Amino acid sequence: MGKSENSSNQSTEKVWLKHYPKGVRADVKVDPNKTLPDLFEEIFAKYGDKSAFTNMGKTLTYAELDQLSKQFANYLLKTAKLKKGDRVAIMMPNLLQYPICIYGALRAGMTVVNVNPLYTAKELAHQLKDSGSKAIVVLANFAHTLQAANTGIENVIITEVGDMLPAPKRWIVNFVVKYIKKMVKSFSLPSSVSFRKALWSWDAGGFSRPTLKGDDIAFLQYTGGTTGVSKGAVLLHRNILANVEQAKEWISSSLTEGGELVVTPLPLYHIFSLTANCLIFGSIGGHNYLITNPRDIPNFIKEIKYLRFTVITGVNTLFNGLLNNHEFSNVDFSKLKVSLGGGMAVQKAVADKWQQVTNCALVEAYGLTETSPAVCINPLTIKEFNGSIGLPISSTDVSIRDESGAALEIGQEGELWVKGPQVMQGYWQRQDETDKVISAGWLKTGDIAVMQPDGYIKLVDRKKDMILVSGFNVYPNQIEEEVAKHPEVLEVAAIGVPDEKSGEAVKLFVVKRSASLTEQQVIEFCSKSLTRYKLPKYVEFRSELPKTNVGKILRRELRDTATAS
């Protein structure tokens with residue numbers, strides 16, 4: 001029987017605090033008047049001579065990032081004539097241009113709208129119109145999509161892959177991308193300006209920072225749109241800064257200021273990479289090594305093979321893809337001390353193999369676009385994967401609730417609710433959607449979880465992905481976790497499909513390692529560890545599974561096309 005919030009042990013006692021790593025405070029303080037440009041100037045002053053970002057053989061120091069981002073800010077203010085609070089969209093993969101644009105737009109007092117470059121014209125048009133973006137920086141490879149979106153956006157800045165590289169490498173790379181690999185489709189955007197022209201049309205000398213407050217909007221960070229129309233999470237400067245301080249409190253004892261080399265394969269437009277890699281590691285003077293195309297696993301491995309990196313962040317499918325390339329075992333892991341997984345559930349089979357190959361435990365963290373994003377993190381000192389998403393971080397309260405919103409006892413499954421300074425203000429111009437997920441300061445995550453007696457939280461699955469078999473709740477994550485242990489399974493996704501007898505039945509989509517694997521072998525393997533009603537009734541083999549650009553498997557797309565074959 002659920003208890004009210006006031007009488008719930010887990011809400012009032014915060015049992016997780018008893019298991020915090022040594023030295024981690026229960027709460028962090030953030031100056032409500034501080035803004036991200038204030039943080040940037042602290043970083044530049046402290047780490048100016050340190051390497052900030054590397055991509056395609058070119059490195060920017062923090063001092064150079066300071067200079068270039070001021071120049072870009074000046075362009076937005078003085079040539080584009082944008083004003084404080086105007087929205088600036090950025091649409092490109094991980095290139096050196098990205099941090100210049102993010103830092104520059106924020107220093108100019110603008111709101112950044114991160115855009116997935118793989119959007120269709122329809123998706124792009126929705127996001128640009130919904131956000132009211134006044135400018136966009138777009139990679140030439142995707143300019144044809146912008147043209148097709150026909151949004152009439154006023155200021156278009158076009159960059160090319162090699163724009164931040166020194167000549168003649170810049171000319172060669174841009175020529176190859178456009179004319180040899182033919183990766184740039186024909187487009188016509190007559191009023192556009194080149195990124196290099198925008199960047200070097202103003203020097204940094206006359207830059208004057210607009211006055212900002214902690215309550216000003218830093219990012220309109222759009223949800224992935226995997227559950228419907230993409231919505232813009234309103235993240236204020238103080239939301240992001242709170243999450244930076246919360247995460248720093250958690251990780252600082254394990255990391256060295258100005259001494260970390262961080263492999264950054266997830267795109268900076270994703271909230272995980274944006275906050276964790278670009279901002280949190282930036283705040284300690286970390287050096288981000290940007291991977292432009294992490295899906296090209298052979299080249300990814302080639303780039304990092306001798307890098308002697310100290311940190312890597314990623315998602316389960318990325319770690320799995322690396323592990324399934326025979327060259328990965330030849331990478332130099334001698335300096336690796338933190339492997340951080342988030343964005344989707346980390347599977348035990350993947351985590352165990354990761355530790356075996358790299359001699360570094362895979363640490364799972366949990367967050368949402370709506371929470372800037374970190375909510376829970378495992379201690380970086382764990383010796384092995386523990387199957388949980390960790391403990392709520394400093395200044396964060398969590399509660400497990402039933403359908404009526406009543407808090408549940410420890411050990412009971414329910415929806416995870418979160419309260420803290422990192423929680424968004426709401427969805428941009430969508431009060432109806434905001435009211436569905438925020439109640440008295442609590443964010444309803446839509447994730448089913450259980451809190452263990454030591455305060456560690458075990459994520460069960462997404463509420464909307466739950467499968468109802470003969471009245472029993474079946475969670476896809478649990479099924480996928482077991483199937484992934486099969487030595488001949490490369491990737492797996494589970495969904496529910498209509499069934500006359502049981503209401504719904506479990507259907508698997510499997511990518512094989514071995515062509516000999518059969519449907520019956522998969523089902524028999526599952527029967528050794530899963531109770532009868534959880535067993536898959538159908539197995540469909542595919543050459544690949546649909547994923548977001550970050551690597552999260554799109555169950556919704558599978559459901560839309562599924563038949564109970």
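User: Before we start, what counts as buried here?
Analyst: Buried means under 20% relative accessible area. Keep in mind that this is a predicted model.

User: Fine. Is A505 buried or exposed, then?
Analyst: A505 is buried, because its relative accessibility is 5% and the cut-off is under 20%.

User: Which strand is A505 in?
Analyst: Strand β25, which covers residues 503-512.

User: And what does A505 touch, leaving out residues up to four places away in sequence?
Analyst: The contacts are I467, V469, I495, G496, V497, D499, K537 and Y538.

User: How far is A505 from G152?
Analyst: In space, 47 Å from C-alpha to C-alpha. In sequence, A505 and G152 are 353 residues apart.

User: Now the nine-stranded sheet. What's the strand order?
Analyst: β2-β1-β11-β10-β12-β13-β14-β15-β16. The sheet is open, and the pairing is mixed.

User: Which strands stand at the edges?
Analyst: β2 (58-61) and β16 (391-392). Each has a single partner strand, so one side of each lacks a neighbour in the sheet.

User: What packs on the sheet?
Analyst: Helix α3, residues 62-79. Helix α3 touches β1 (51-55) and β2, and its direction makes about 80° with that of β2.

User: How do β12 and β13 run, parallel or antiparallel?
Analyst: Parallel, with four bridges joining β12 (311-314) to β13 (338-341). G314 has G341 in β13 as its bridge partner.

Notes:
Residues numbered from 1 in each chain as written. Predicted model: local features only at pLDDT ≥ 70, side-chain atom pairs only at ≥ 80, totals over all residues. Heavy atoms only, no water. Helix = DSSP H or I, 4+ residues; strand = E, 2+ residues; numbered from the N terminus. Buried < 20%, exposed > 50% of the residue type's maximum accessible area, 1.4 Å probe, protein only. Contact = heavy atoms within 4.5 Å. Pairing = 2+ DSSP bridges. Axes fitted to C-alpha atoms, helices over the stretch in contact; angles between N-to-C directions.
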